[in-house]
Amino acid sequence: MASSAKKRAVGLSEIPEEKEHSSDENSEEDDSGEDSEASEEEINEEVIVDFEAHTISDNDYNGIKKLLQQLFLKAHVNTSEMTDIIIQQNHVGSVIRQAEVPEDSDDEDPDEVFGFITVLNLTERKGVQCVEEVKELILDQCEKSAAHSVTEQLEQILNDTSKPVGLLLSERFINVPPQIALPLHKQLQKEIAEAQRTNKPSGRCHYCLMVSKTCKEANKTIPAQRGAPKEQYMFVNAEEEFFYEQAILKFHYSVQEEADSCLSGMWSFSDVPMKPFRTVMLIPTDRIPAIMEKLKENLTM
C-alpha cells in the first residue's frame with residue numbers, strides 16, 4: 001500500500017449530461033417539434049466515466065464526511081470524529097475517485113470523492129463519542145421499530161466484548177454503478193485478512209453491522225404468503241440486498257422527517273413517490289464469503 005492508487009476499480013457510470021443549446025438563425029422554423037425531440041435526446045445523453053479505488057488520505061476528509069452526513073442525516077452522530085478515525089486507520093478501506101479528469105472539465109476538484117468503503121471496530125473503540133452515538137442511535141431506532149426481543153439481542157451483541165462488532169460503511173453517489181462494489185469489497189476483504197494476520201482491530205470482528213439507505217413506495221405493500229402484508233424495500237446500493245439476505249438481525253426505520261426526498265430528488269420510479277428509510281442489519285462475518293460469491297455472480301462485468 002505504498003502507492004496511493006491501490007486497485008483499479010472500473011465502473012461505467014451513466015450520468016445524464018445537460019448541454020447548452022446554441023441559437024440557430026433558422027430557429028423560427030421549429031413548428032414540426034423536431035428541435036424539441038433533439039433537445040430531449042441531448043439531455044438524456046450518457047457519459048461514460050471510469051473510477052479508481054485509492055488509499056484513504058487526509059485530502060478525502062470533506063468527501064467522506066459529506067457521504068457520512070448523507071447516511072446519518074440529522075441523527076446525533078459526530079461525523080467529523082468518525083471521518084478522522086476512518087482516515088487514521090487507512091490500512092483498511094478505499095475511496096473512489098474519477099480515473100482521469102479531462103483538463104477542460106468543469107469539475108473544481110479533480111480529487112473529488114465519489115464513494116468510500118471501510119470497517120470500524122465498534123467494540124475496540126468503546127467510549128469514543130461517535131461510536132457510542134452510533135450504537136445509541138441504532139438501539140433507540142430498534143426499540144421503536146422492532147420487537148423487544150430483537151432490541152435485547154442486539155444490545156447483548158453490542159456489549160459482548162468477546163465477539164467484536166464491526167461497522168461496515170460503504171457509501172457512494174447515486175450515479176456510481178453497483179458494479180464498482182465488487183472490486184471494492186474484494187479489496188476490503190484482503191485488507192481485513194491482513195489486519196487479522198497482524199492483529200489489528202479491524203481484523204478481529206465477529207459480526208458486521210450495516211446501516212443501508214433504502215426506500216419504499218408510499219403506501220405500497222406486497223402480499224405475504226401468511227399473516228400480514230409484507231413491505232418491499234429497495235436498496236439504494238443494490239448489492240446490499242445480498243447482505244440483507246444473510247443477516248441474522250434486521251429492521252427498518254423511517255428518516256422521512258430528516259430528508260427532503262428519498263435521494264435528494266435524484267431517483268424515482270416513474271415519478272412514484274418514495275419514502276426514505278434506513279435498514280439496519282447484523283451479519284456474522286463467517287457469512288461474508290457467501291455474500292462475496294453472490295456479488296461475483298451478479299456484478300461481474
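1. Let me start with the side chains of serine 80 and tyrosine 61, which are joined by a polar contact of 3.4 Å. A polar contact here is a pair of N or O atoms within 3.5 Å; within protein, one must be able to donate a hydrogen and the other to accept it, and residues adjacent in sequence count only if both atoms are side-chain atoms. Please keep in mind that this is a predicted model, in which local features need pLDDT of at least 70 and side-chain atom pairs count only at pLDDT 80 or more, while totals for chains, interfaces and linings use all residues. Residues are numbered from 1 along each chain as its sequence is written, and side-chain values use heavy atoms, with hydrogens and water left out.

2. Staying with serine 80, you will find this residue in helix α3, residues 79-88. Helices (H or I, at least four residues) and strands (E, at least two) are DSSP runs, numbered from the N terminus. Serine 80 is partly exposed because its relative accessibility is 23%; the scale calls a residue buried under 20% relative accessible area, exposed over 50% and partly exposed in between, with a 1.4 Å probe and protein chains only. Apart from neighbours within four places in sequence, serine 80 has Tyr61 and Lys65 as its contacts, where contact means heavy atoms within 4.5 Å.

3. What caps the N-terminal end of α3? Asparagine 78 does, with a side-chain oxygen 3.2 Å from the backbone nitrogen of serine 80.

4. The buried residues in α3 are Thr79, Met82, Thr83, Ile85, Ile86 and Ile87, and they pack against α2, β6 (115-121), α4 (129-145) and β7 (165-172). Threonine 83 counts as buried because its relative accessible area is 0%. Beyond neighbours within four places in sequence, threonine 83 is in contact with Tyr61, Ile64, Lys65 and Leu68. As background, an α-helix has 3.6 residues a turn, so residues three or four places apart point the same way.

5. Two backbone angles deserve a look. Leucine 73 is not a glycine, yet has a positive phi of about 50°; this residue sits in the loop between α2 (61-72) and α3 and is partly exposed, with a relative accessible area of 26%. Asparagine 199 also has a positive phi, near 60°, in a residue other than glycine. Its place is the loop between α6 (181-197) and β8 (207-217), and it counts as exposed because its relative accessibility is 53%.

6. Not counting residues up to four places away in sequence, asparagine 237 touches Ser170, Glu171 and Arg172.

7. In helix α7 itself we come to phenylalanine 243, which is buried at a relative accessible area of 2%. With residues up to four places away in sequence set aside, phenylalanine 243 touches Leu168, His185, Met210, Met281, Ile283, Ile288 and Ile291. The C-alpha atoms of phenylalanine 243 and isoleucine 283 are separated by 7.2 Å, although the residues are 40 residues apart along the chain.

8. On the cysteines: the structure holds 0 disulfides, a disulfide being a pair of cysteine sulfur atoms within 2.5 Å. Cysteine 130 is buried at 0% relative accessibility, and cysteine 142 is buried with a relative accessible area of 0%.

9. The protein chain has 8 helices and 11 strands, and 43% of its 301 residues count as buried. Of its contacts with a separation of 6 or more, 79% are between residues 24 or more positions apart.
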